[in-house]
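Please look over this model with me. My notes follow the display.

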Amino acid sequence: MTRTLKLQCAVVVVAALCVHATVASSEEYTEDLLLRPLRDGKVASTFTFTTLLHSSPDDAQHYTLFPLALGQILRAHAVTELHLSLNAGKWDYRQWHYPDHPAVATGAELWAWMPGTGADIDARWAGLRNSLAGLFCASLGSLDQRRTLAPTDAYQPLGDLPVFQYDTANGTTTSTTHHLRHATLPSENVCTENLTPFLKLLPCKDGASTHACSLARLLNPQRLFDADWHGMGVHVRWLGGGEHSEGTIELKLVVQAVLDPVRTSGGRRDWSLTSLFDRVLDGTCPVAGSSTVRVVLPSEDSGGMYRLSPEAETGDAQHPEVEAHARPTPLDVSMAWHTERVFEYPEYGYHGGDGNEYAHAPPTIHRFLHHTAQTHGVLTLSITNPARDALLRVGYLETLPALVVPWVSTLSAEVVSGKDGGMDGRGEYISDLVYHPSRALSPPPSSPPSSFWPSLASLTPSTSTLHSPSLLQATLTVPPNSTLRVQLALSKAFLRYTEHPPDAMRGWDLPGGVLFPRIHTPALLTDLPTPDFSMPYNVIILSCTLLTLVFGSVFNAVTRGWGIVDLSGGGEDNNSGSGVGGDKEMKDGEEEPKGGEERVIKGGDGEGEGGKGRGM
């Protein structure tokens with residue numbers, strides 16, 4: 001059983017409550033840090049900054065705590081629910097279990113619920129992603145129709161969907177129908193240029209003299225981007241009912257990171273805020289209703305006796321919690337294993353003798369693309385059910401770009417490890433199969449089609465250069481303590497040489513699959529038939545080299561002549577330009593050259609100071 005320890009850093013002072021009394025009635029702000037030691041010696045940290053706006057979205061945007069830049073975007077594009085995540089790395093479900101926030105897909109992921117009709121939503125979706133791209137300095141503008149789908153079963157709304165009024169070209173429109181738009185960009189990287197605008201959305205920003213005590217102070221870029229896995233997310237949803245008849249808009253700004261104290265401390269898993277973030281807490285945000293640091297205590301079978309500082313008092317036998325008000329600053333939470341000299345890594349995967357951990361452990365998923373040919377391949381998905389006596393029924397979503405074409409008729413499923421549970425055939429393991437093939441899209445009239453996207457002329461009769469991704473969705477049933485393998489044949493597009501990106505030899509990204517509810521698989525790289533782009537380079541280099549040799553030889557032969565130089569100042573002088581004949585003796589009384597003067601016979605007419613000769 002997981003036990004949780006709360007360390008309440010501080011409370012809001014009375015003066016701050018008086019100043020913000022009017023703000024608290026319409027806006028609330030809290031911040032929270034959760035530190036969770038993992039069984040492999042790492043520490044998962046989750047920063048959550050929550051802002052509640054108790055007002056209608058149609059009211060004047062006079063925000064005090066809610067970020068105005070984000071509120072203007074939500075209102076301009078009439079967005080009811082928004083989820084944006086930017087992650088770097090691969091989340092290891094076997095070692096780290098489920099994340100505190102499920103949005104851990106590799107790269108950029110954006111999905112939103114919006115009211116309205118199809119054409120109007122597509123226009124607002126384009127404006128939304130471009131606005132967010134400018135706000136967070138990310139390549140979200142690339143999430144166009146070639147990467148956009150509407151998988152409603154896998155991405156259900158996390159909040160309520162109210163009746164929404166928004167302005168259109170024909171006036172104000174009221175709509176109760178909401179539509180989903182979802183897109184991913186696996187190759188998007190996360191760096192400091194994304195973290196900086198993210199921190200500007202907080203009421204208490206790091207670096208300001210009056211707000212230096214916020215939890216955001218611990219977001220040190222040098223330590224955050226040195227983690228084994230890190231990511232940030234923006235989550236907006238609408239909550240209806242409750243005390244506020246007009247509803248509440250909830251904004252959660254989340255930063256997650258998996259830090260490795262064993263690597264940085266020389267073999268020990270002891271950690272503290274200073275060792276993890278190179279900073280300590282000097283206090284709390286003055287406008288925050290609460291600033292909380294929570295630590296999840298390790299399980300009893302994690303090994304070793306640990307000590308948590310500052311010490312906590314047990315408040316409940318099952319869920320011990322301690323709140324320390326007005327802690328002396330600076331606050332540096334730490335955990336140390338004094339009897340442990342060097343941390344010994346446990347066996348990879350699940351462990352536990354009573355089987356309880358297996359019952360609650362996430363399934364193991366392996367997804368890979370294999371085949372020796374560049375024109376076709378096989379996509380394989382392997383799912384292991386760790387439960388000893390329970391079937392695993394999960395939904396699976398696969399979104400593939402138009403670069404590859406899946407052949408659903410080749411879809412197969414079989415149990416390769418464990419017992420089949422009395423089931424036989426693909427129909428027993430795969431049900432509720434839904435497939436939407438890639439469809440041709442008309443290029444936007446305002447912009448020409450991208451030259452770095454395939455036309456797929458060999459796979460579809462359409463002449464359009466834009467194609468939507470294909471969607472494959474099904475329900476998978478895995479027997480207890482067994483491994484199910486699902487395979488699907490793919491065909492790869494043959495592109496023109498002008499349609500390849502500059503880094504064509506790197507390969508093309510395939511978005512990761514989703515095992516819902518919300519388990520993400522890593523993204524894949526696939527290689528398409530690629531021409532040898534080095535051949536033009538080699539031909540140019542060889543041609544230029546030969547041309548240089550020929551031209552240089554001919555130019556030297558035409559413009560240069562050869563002669564004999566007499567450096568001694570006396571004796572015979574062979575002044576023939578050709579070096580054959582032309583010897584001339586000095587006459588009596590003729591003066592010799594003065595001062596060691598050189599006598600040179602040049603090309604051309606062969607005339608020199610010493611007489612005439614024949615040049616070349």
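This is a predicted model: local features need pLDDT of at least 70, side-chain atom pairs count only at pLDDT 80 or more; totals for chains, interfaces and linings use all residues.

1. Residues are numbered from 1 along each chain as its sequence is written, and side-chain values use heavy atoms, with hydrogens and water left out.

2. The structure holds one disulfide (a pair of cysteine sulfur atoms within 2.5 Å). Cys204 is joined to Cys285, S to S 1.6 Å. The link is right-handed, with 50° about the S-S bond. Cys204 sits in the loop between helix H6 and helix H7, and Cys285 in the loop between helix H9 and strand E13, so the pair ties together parts 81 residues apart in sequence. Helices (H or I, at least four residues) and strands (E, at least two) are DSSP runs, numbered from the N terminus.

3. Cys204 is buried at 0% relative accessibility, and Cys285 is buried at 2%. Buried means under 20% relative accessible area, exposed over 50%, partly exposed in between (1.4 Å probe, protein chains only). Cys137 is in no disulfide; its nearest cysteine sulfur, on Cys191, is 8.7 Å away. Cys137 is partly exposed at 40%.

4. Five strands form an open antiparallel sheet, in the order E20-E23-E18-E26-E27. E20 and E27 are the edge strands, each pairing on one side only. Strands pair if DSSP finds at least two bridges between them. Five bridges join E20 to E23. Ile430 has Leu476 as its bridge partner in E23.

5. Met505 lies in the loop between strands E24 and E25. Met505 is exposed, at 67% relative accessible area.
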